[in-house]
Amino acid sequence: MVDTSNYPLAGEAGYGNLASFQIDHIVDEAAAWGQVWIMVAVFVAFVGFALYRYTLKKDSVPLFMSASGIIAFFNEGNYDILVHLTQPANSLLPVFWTGGQPMGLGFMVGYWGVFTLVTYFSYCFLARGLNTKGFWKLWAGIALACLIIEIPGVQMGVYKYQGEQTLRIFGYPAYNLWINATGWLLSGLLIAILAPVLNGWKRWLLSVLPCCGFAISWGICDIPVVCALNIASLPLWAMYALMLVSLGLSIMMMKMITSMFATDSNRRWTIPWGYHPS
């Protein structure tokens with residue numbers, strides 16, 4: 001064990017110190033099972049929808065992007081520690097453990113179904129083409145959907161955001177709204193752009209593209225958030241300032257995207273293989 005007595009901040013940082021990360025809550029068993037069965041229902045509904053689109057509508061996109069949710073789930077488990085999100089110590093049916101916490105089956109199938117479904121609907125809007133206002137409406141709609149999906153889990157204690165998170169909406173940190181909305185919009189856009197040229201075995205790369213979209217959004221817009229939550233002894237005003245920087249980065253990304261792909265943009269890109277919705 002390393003002696004940290006000469007470095008008091010190492011012991012006082014609390015949740016600003018990753019070594020102090022703790023799993024300190026228990027979820028009501030009824031709520032835990034409720035999450036499992038609701039998420040299983042969502043997952044089964046998505047699988048049925050994907051098979052319906054594939055067999056009757058000749059639309060293979062939802063089927064071939066279906067693995068994106070499971071990839072995102074395993075990434076989420078390793079990322080939670082950075083934003084101080086913990087799963088209950090008694091999470092049901094753990095799939096794996098990371099950072100000392102169990103990642104339950106309900107969380108996995110929920111990610112598998114919800115993550116993939118929201119990405120697909122984002123793709124559907126973007127494949128038809130959106131003007132600048134349409135892009136912003138989609139962004140806001142995804143943020144609202146994220147809020148509706150997440151608040152029940154936070155309120156029931158199915159998962160918990162630890163420590164100071166700055167602005168919360170019914171317990172849910174607001175920064176998730178603009179970062180997730182940007183990520184899901186980018187995910188749908190990448191699929192809309194690349195689906196026409198991903199054929200044969202390459203079709204399965206549709207499952208990777210949503211994770212790429214989220215990696216772009218969370219890899220850029222989340223930097224100020226991670227700093228706000230993890231820099232030791234940071235005053236509250238500075239945490240809020242960093243959250244505003246994160247929001248600003250998200251807005252800048254959206255303005256860049258609309259400039260490149262909105263149907264009413266005079267700087268709109270032309271994609272060589274024909275993605276050019278009107």
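The side chain of Ser 265 lies 3.1 Å from the backbone nitrogen of Arg 267. This distance, like the others below, comes from a predicted model. Ser 265 sits in the segment that follows helix 10, which spans residues 236-261. Apart from neighbours within four places in sequence, Ser 265 touches Thr 258 and Ser 259. Its relative accessible area is 17%, so Ser 265 is classed as buried, the limit being under 20%.

Helix 4 (residues 68-79) and helix 8 (residues 209-221) have axes that come within 9 Å and cross at roughly 30 degrees. Helix 4 contributes Ser 68, Ile 71, Ala 72 and Tyr 79 to the contact, while helix 8 contributes Pro 210, Cys 211 and Trp 218. Sorted by class, the residues of this contact are 6 nonpolar and 1 polar, with no charged residues.

How many disulfides does a search of the whole structure find? The search returns 0. For Cys 124, the nearest cysteine sulfur belongs to Cys 211 and is 18 Å away; a disulfide would need the two sulfur atoms within 2.5 Å, so Cys 124 is in none. Cys 124 is buried, at a relative accessible area of 18%.

Cys 212 is in no disulfide either, and the nearest cysteine sulfur, again that of Cys 211, is 7.0 Å away. With a relative accessible area of 33%, Cys 212 is partly exposed.

Definitions and conventions. Residues are numbered from 1 along each chain as its sequence is written. This is a predicted model: local features need pLDDT of at least 70, side-chain atom pairs count only at pLDDT 80 or more; totals for chains, interfaces and linings use all residues. Side-chain values use heavy atoms; hydrogens and water are left out. Axes are lines fitted to C-alpha atoms, for helices over the stretch in contact, and angles run from 0 to 180 degrees between N-to-C directions. Helices (H or I, at least four residues) and strands (E, at least two) are DSSP runs, numbered from the N terminus. Contact means heavy atoms within 4.5 Å. Ala, Val, Leu, Ile, Met, Phe, Trp, Tyr, Cys and Pro count as nonpolar, Asp, Glu, Lys and Arg as charged, and the others, Gly among them, as polar. Buried means under 20% relative accessible area, exposed over 50%, partly exposed in between (1.4 Å probe, protein chains only). A polar contact is a pair of N or O atoms within 3.5 Å; within protein, one must be able to donate a hydrogen and the other to accept it, and residues adjacent in sequence count only if both atoms are side-chain atoms.
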